[in-house]
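Hi there,

Here is the structure I promised to hand over. Have a look at it first, and then read on for what I found.

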Amino acid sequence: MTTPSLSRHFPVDPAHLKRLHARLERDAQNGDLLDIAYRTVDSALGPLLLAATPLGLLRVAFANESRDAVLQNLAARVSPRVLEAPARLDPVARQLEEFFAGRRRSFEVALDWTLSQGFRRTVLERLNADIGYGTTTSYATLARLSGSPKAVRAVGTACATNPIPIVVPCHRVIRSDGAVGAYRGGPDAKRVLLDLERP
């Protein structure tokens, strides 16, 4: 015996679902129940998943990363109180749009460094502060800037696991021989970003 479809008896009204979601988002925000808000934005690299806590931008994920896996990881590592709540990420979305349109050279958003600790965080903070738009540096130079000249491999790992790519510009770190090197979004995405910033 088959169970009749609920949608046949209770038609789904998309506008009603949208209103319910908006109310859920508002109530979660007002009740301080929303620890991680997320949304998806279109970009020159394909869809990007953005996630933020009240402290700031926590994660930027590329299309080659499983959205479900990223959200599950955030729920496990940071908080299970995760909800699609685009409004919290409006400033980031607007600045990314300006960046990809060539109208923005740096980001002015708060960052939540929860997913980067120890030396990895030091590397990413140095990168964010010292390597400007349209410039590149080597892993070896970034190791020196981070206070550990011999830690080139660790710098590579910090860049490869950067949870906030694009905004924290690990795409500007290339190999000493001029090769692009690895990138969380893939080498093609790294080339697109480098070409975008080329004068």
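**Surface and overall make-up**

The protein chain has an accessible surface of about 11100 Å², with 52% of that belonging to carbon and sulfur atoms (Shrake-Rupley method, 1.4 Å probe; for residues, only the protein chains shown count as cover). Please keep in mind that this is a predicted model, in which local features need pLDDT of at least 70 and side-chain atom pairs count only at pLDDT 80 or more, while totals for chains, interfaces and linings use all residues. Residues are numbered from 1 along each chain as its sequence is written, and side-chain values use heavy atoms, with hydrogens and water left out.

The protein chain holds 8 helices and 6 strands (DSSP runs numbered from the N terminus: helices are H or I with at least four residues, strands are E with at least two). Their order from the N terminus is α-α-β-β-β-α-β-α-α-β-α-α-β-α. Of its 199 residues, 42% count as buried (under 20% relative accessible area, 1.4 Å probe, protein chains only). Among contacts (heavy atoms within 4.5 Å) between residues at least 6 apart in sequence, 61% join residues at least 24 apart.

**Helix H8**

In helix H8 (residues 187-197), the buried residues are Ala189, Lys190, Leu193, Leu194 and Glu197. Seen down the axis of H8, they fall within an arc of 135 degrees, so they line one face of the helix (the arc is that of the directions from the helix axis to the C-beta atoms). Their cover includes helix H4 (90-100), helix H6 (139-145) and strand E6 (173-174).

**Thr53**

Do have a look at Thr53 in strand E2 (residues 48-53). Thr53 counts as buried because its relative accessibility is 7%. Leaving aside residues up to four places away in sequence, Thr53 touches Asp35, Ile36, Leu58, Val78, Arg88 and Asp112. With the side chain of Asp112, the Thr53 side chain makes a polar contact at 2.5 Å (a pair of N or O atoms within 3.5 Å; within protein, one must be able to donate a hydrogen and the other to accept it, and residues adjacent in sequence count only if both atoms are side-chain atoms).

**Pocket lining**

Helix H3 (67-77) and helix H5 (118-130) each supply at least two residues of the lining of the largest pocket (an open set of points on a 1 Å grid over the protein atoms alone, where a 1.4 Å probe fits, with protein on both sides within 12 Å along at least five of seven lines; lining residues have an atom within 4 Å of a point). The largest share of that lining, 4 residues, comes from H3.

Best wishes

Conventions
Buried means under 20% relative accessible area, exposed over 50%, partly exposed in between (1.4 Å probe, protein chains only).
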